[in-house]
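Please read each point with the model in view.

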Amino acid sequence: MVCPRCVKAVKGLLDDLGIEFEDVVLGHATIKSPLSPEMLSRLREALEREGFELLDDLQSSEVENIRLSIIEWARMDGDRPALSEYLQNRCMKEYSSVSKLFSQMKSITVERYAMLQRIEYAKELISYGDKSISEISWSLGFSSPAHFSNQFKKETGISPKQFRQMHSKDRQFIDSI
């Protein structure tokens, strides 16, 4: 779950299935009582039909926490801590173990995933049209507009300026990256 609409959708699914819950927040739902294997299966199927995934083991939950933390970090405005420091503090684990777990489970490095998230957010900001490319590069925490432009072009094949001029903007859902 990566947005308020996702939370609302999950709450609706739980209600539809008659599952009592204490709370649903981004990436996490607290169920009041244990579910039978049959109800767990029904919940898993209902979530998958809506494009969600049931994370009922510790590793999957940790990876989801890492993923959501990376998205949060990528969408910070301006100065931000180093990604490794941010993840260590958020996950309460050494960065090397966080990075290793994420890479093993997602088949992508933390750094690469973070860059893809930053570029996708950049596309969103460029589409709004109210900030210059330089302002966007600084707000995303790049060291310079040139570095931002190089990374953007490396990931998308076009410059930020060319992207701004396109009539049809090629965007992805952040949870599909």
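1. Basis of the note. The model is predicted, and local features need pLDDT of at least 70, while side-chain atom pairs count only at pLDDT 80 or more and totals for chains, interfaces and linings use all residues. Residues are numbered from 1 along each chain as its sequence is written, and side-chain values use heavy atoms, with hydrogens and water left out.

2. Dimensions of helix α8. Helices are DSSP runs of H or I with at least four residues, numbered from the N terminus. Helix α8 comprises the 12 residues 145-156. The expected span of a helix is 1.5 Å times one less than its number of residues. For α8 this gives 16 Å, and the end C-alpha atoms are 16 Å apart, which agrees. The helix is followed by G157, whose phi is positive, near 90°.

3. A residue is called buried under 20% relative accessible area, exposed over 50%, and partly exposed in between, with a 1.4 Å probe and protein chains only. In α8 the buried residues are F148, Q151 and F152. Seen down the helix axis, these buried residues fall within an arc of 100°, so they line one face of α8; the arc is that of the directions from the helix axis to the C-beta atoms. On the other side of α8, N150 and K154 are exposed.

4. Packing of α8. Against which helices do the buried residues of α8 pack? They pack against α6 (110-128), α7 (133-139) and α9 (160-165). Contact means heavy atoms within 4.5 Å. With neighbours within four places in sequence set aside, Q151 is in contact with M115, I119 and F142.

5. Helix α6. The 19 residues of α6 should span 27 Å at 1.5 Å a residue, and its end C-alpha atoms are 27 Å apart, in agreement. Of these 19 residues, 14 are buried, so α6 is largely enclosed by the rest of the structure. G129 follows α6 and has a positive phi, near 75°.

6. Aromatic groups. Rings of Phe, Tyr and Trp (its six-membered ring) pair if their centres lie within 6.5 Å. A search of the whole structure finds four aromatic pairs. One aromatic cluster is formed by F142, F148, F152 and F163; F148 and F152 are also among the buried residues of α8.

7. Charges over rings. A charge sits over a ring if NZ of Lys or CZ of Arg is within 6 Å of the ring centre and within 35 degrees of the ring normal. R118 lies over the face of F142, at 3.9 Å from the ring centre. The charged end of R80 sits over the ring of W73, 5.1 Å from its centre.

8. Cysteines. A disulfide is a covalent bond between the sulfur atoms of two cysteines. Here the criterion is a pair of cysteine sulfur atoms within 2.5 Å, and the count comes to zero disulfides. The sulfur of C91 is 20 Å from the closest cysteine sulfur, in C6, which is too far for a bond. C91 is buried, with a relative accessible area of 16%, and C6 counts as buried at 11% relative accessibility.

9. Residue L43. L43 belongs to helix α2 (residues 37-49) and counts as buried at 5% relative accessibility. Leaving aside neighbours within four places in sequence, L43 is in contact with L14, L17, I19, L35 and L54. L43 and S137 are 94 residues apart in sequence, and their C-alpha atoms are 42 Å apart in space.

10. Loop residues with positive phi. M92 lies in the loop between α4 (83-91) and α5 (95-106), and S107 lies in the loop between α5 and α6. Phi of M92 is near 60°, a positive value in a residue other than glycine; phi of S107 is likewise positive, near 60°. M92 counts as exposed at 70% relative accessibility, and S107 counts as exposed at 68%.

11. Residue K131. K131 is found in the loop between α6 and α7. Is K131 buried or partly exposed? At 29% relative accessibility, K131 counts as partly exposed. Residues up to four places away in sequence not being counted, K131 touches D77, I136, S139 and R164. The C-alpha atoms of K131 and S36, 95 residues apart along the chain, are separated by 52 Å.

Methods:
Helices (H or I, at least four residues) and strands (E, at least two) are DSSP runs, numbered from the N terminus. Rings of Phe, Tyr and Trp (its six-membered ring) pair if their centres lie within 6.5 Å; planes under 30 degrees apart count as stacked, over 60 as edge-to-face and the rest as tilted.
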